[in-house]
Amino acid sequence: MFLPETILAFVFLLIVNLKDCFFSCVNYLNLSFDSQIPLTWDFTVLNNMLPYKDIYFPYGLLFYFKNTSLYISLIYFFLPILLFFSVYIVFKTIFKSRIITFIAFVSFCLFIYKYTGIENFTRYGIILSFTLLISHFFYKLRIISFKSAFLFGILVGGIFSLVNDQGIYSLLLLIFLLITVPVLRGLKKMHYVKYLLSRLIACGLGLVLGLLPLFVFLNVNNMTNEFYLFIKHLSDFPLYAKTPFIPFSTTIDNLFAFASLFIAIVVLSYKIFFSRTKLSFISILEISLIFILVMLEQKSVIRSIDKQITFIAFILYVIMFSELIKNKVSNLIIYSYFAIIYVFILLGIGLHPFINYKLSFDGNLVRSFFSTNMENFLVKKSKLCLSNNLNRLTEEKNTKLEKVKNIIEEDSKKPTKIFDYLSDPAFYILFNQKPPYYFTIFEATPLYAQKSNVKYIEENKVKYVIYNEDIVRLQDGVPTQIRNKFLFSYVLKNFEILSKVDNFIIYKKI
Amino acid sequence: MLNNKLKILIEGISYVLTVYLIILLTFRQLRFLFSHPKVGEGEIVGYAQYFGYPMYFETALFFVFIFTPIIVFFALSKIRKYRK
C-alpha cells in the first residue's frame, strides 16, 4: 500500500521530529513580549504550577505539559507525524498518481517547515487533520451511523481535553457537516430531522465520554471551578484584544487565505447550484476547509493570526488544483504548477514565516536521552533550554533587565518579591518567583483580573513594581491608566518611584 | 465562443465583484451603521472601546464577503430556471 519513497519520507520526518522534539532547544530570537510569555510558562510548569488553577494558559494541557509529562510528550512527539500522515493519505486519494502525490506531499512539508513552523502546525494541524478525516467519513458513509457519530464525539472530547480551541473548532465542524451534508445529498425532510437529532445526541454522549479524562484531571487537582471560570471568561477575549482588521488585512498572508476562500466558495457555489454531479470527496473537503478557514478568520478579525493559518489555505489550493487536473491536463502543466510552488517556498517569496525561534541541536541532550530515564530527561531538558534562553536573552538585554534586578537587590538587601507590570514576565524567572495568574497585559484587562493582581501583590507582600514605559506600544496604544485603571491606581497609591533604568520605572512600597 | 459554464462563472463573479465594489465605496457610511462600544465604570476597556471602534463591523463585513458569492450563484440558478 505504501510506496518505498513514502516510507522513506516518513522515516525522514520521524528522525527530524526526534531531533527537533528531544535533542533540540527552542531558542527564541529576541526577548520580545511574545517570547517571554512561553518562557514564563516553561518556568511555571517546572515549578509545578497548574494551568487554569495557578496560571492563565489558553492552549490546553498538551502544550502546557509537552516538555515535562512523559505521556503528553510522547503524544506531542507523534502528533505531527500523524498530522502529516493524514495529509499524505488525502493527497494519495485525490491525486491517484504516486509521483504527483509525492511531489504534492513534499511541497506541503516544505511549506510547513518554511512558513508555518512545526509548533504552530502541531496546534492548528489538529483541526486540519480532523477536517480531512471527517470529510473522508462523510463521503464514504452516505449516512453517518449512530455509532460513528458517537465515536466522532469521543474524538472531539479527546481533542478538547488536550487542546481546547481545536476541540471547539472540531465540534463546530462536526455539527456543521451533520447539518449540511444530508441537505446537499437531498435527504427527505421527515428523515432528516430524526437523523439529525439522533446523531447530535450520539455526538453529545461521545463528547461526554471523551471529556472524562479532562474531568478526572480537573477533579484530582481540585480545579473544576477554575476551569469553568476559564471557559466562562473566554468570551471576554474579543472585548480586550480586538484590534482593527481592515487596515491590516492587506498582508500577503491574509490575501493568500482570502483568495483561497473566495475561489473555493465561487467554485463550490457553482458546483452546487449548476452542476448536476453527486457530492464528491473533493466537494466535501472544500466545504469542510472553507468552514474551518471561516472560523479561524473570525479569530483573525479580532486579532490577526494570518501567518498561522496560511497552510490551510495552501491545502485548499492544492485540493482545488487536483479537481482541475482531473480532466486530462497534461503532466507538463501539473509539474510546472508544483515547480512554481517549490521555487516560491524554497526562495521564501511572498508569504511571511511564523517562526520567532531557532531549533538548536544539543549533543548533550542526545547523551542524556540514552543515559537517564525519560521523566528525568524531560525535566533536565526543560531546565537546560530555559536557562539557555534566559542567559542568551538577558545578555542581549543586560543593560535593562540585569540593571533593574541589581537595583532592586541592592535596595532590598535580602530576597524580595516583585510585580512586573504585565509586560516583561521574564522578571519572574530572574527573581525565581511564581508569577500571578494573569501576567500579561491583555488577559489582565478585565476588572476581575485586575483585582486578582492586586490580591497577588498584597498576599505576596510585594515590595517592588517594575513598570515598562513601552507597554503602551507593546499592546495597541491604549494607555495603561485607562486599560488597567483599578490596578494602576492601586500601584500609584501604595508605591513610590525608586529609580528609573532605560524604559523601566521601579516603584517601591511606601 | 465561451462555453456555457464559463459564461455563468464570469457573470456570477462580475456580480460578486460589483457588490464588493459597492461595499468598498460605501465603507465609511456602513461603518457608522454600527454603534461604538460602551465605556463604563468596571467595563473592559481595550482598543475598540478606547478608540470608539465598532466591535462587530468587520465580522459582519467578513460574512458579507463570504455569503455574496453563494447568494449570487443561487439567485443566478433560480433566474435561469425561471427563464427556461
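Q: Which residue in β6(A) does A:Ile466 stand opposite?
A: In this predicted model, strand β4 (residues 464-468) of chain A pairs with strand β6 (residues 504-509) of chain A in the antiparallel sense, over five bridges. Within β6(A), the residue that A:Ile466 stands opposite is A:Ile506.

Q: Which residue in the turn between β5(A) and β6(A) has a positive phi?
A: The two strands form a hairpin, with two residues between them. One residue in this turn has a positive phi of about 50 degrees, and that residue is A:Asp502.

Q: Is A:Ala339 buried, partly exposed or exposed?
A: A:Ala339 lies in helix α15 (residues 331-347) of chain A. Buried would require a relative accessible area under 20% and exposed one over 50%. The value for A:Ala339 is 38%, so the residue is partly exposed.

Q: How much area do chain B and chain A bury between them?
A: The size of an interface is often given as the accessible area lost when the parts come together. Here the contact takes 33 residues from chain B and 33 residues from chain A, and 80% of the buried area is on carbon and sulfur atoms. Between them, the two chains bury about 3,000 Å².

Q: Which three residues supply more than any other three of the area that chain B buries against chain A?
A: The buried area between the two chains comes to about 3,000 Å². Of the area that chain B buries against chain A, 22% is supplied by B:Ile44, B:Tyr47 and B:Phe62.

Q: Which helix gives the most to the side of chain B that touches chain A?
A: Across the interface, the rule finds four residue pairs in polar contact, both residues being at pLDDT 80 or more. On the side of chain B that touches chain A, α1 (4-25), α3 (47-50) and α4 (57-83) each supply at least two residues. With 14 residues, the helix that gives the most is α4(B).

Technical notes
Residues numbered from 1 in each chain as written. Chains lettered and ligands numbered in written order. Predicted model: local features only at pLDDT ≥ 70, side-chain atom pairs only at ≥ 80, totals over all residues. Heavy atoms only, no water. Contact = heavy atoms within 4.5 Å. Buried area = accessible area lost by both parts, 1.4 Å probe. Polar contact = N/O pair within 3.5 Å; in protein donor to acceptor, adjacent residues only side chain to side chain. Helix = DSSP H or I, 4+ residues; strand = E, 2+ residues; numbered from the N terminus. Pairing = 2+ DSSP bridges. Buried < 20%, exposed > 50% of the residue type's maximum accessible area, 1.4 Å probe, protein only.
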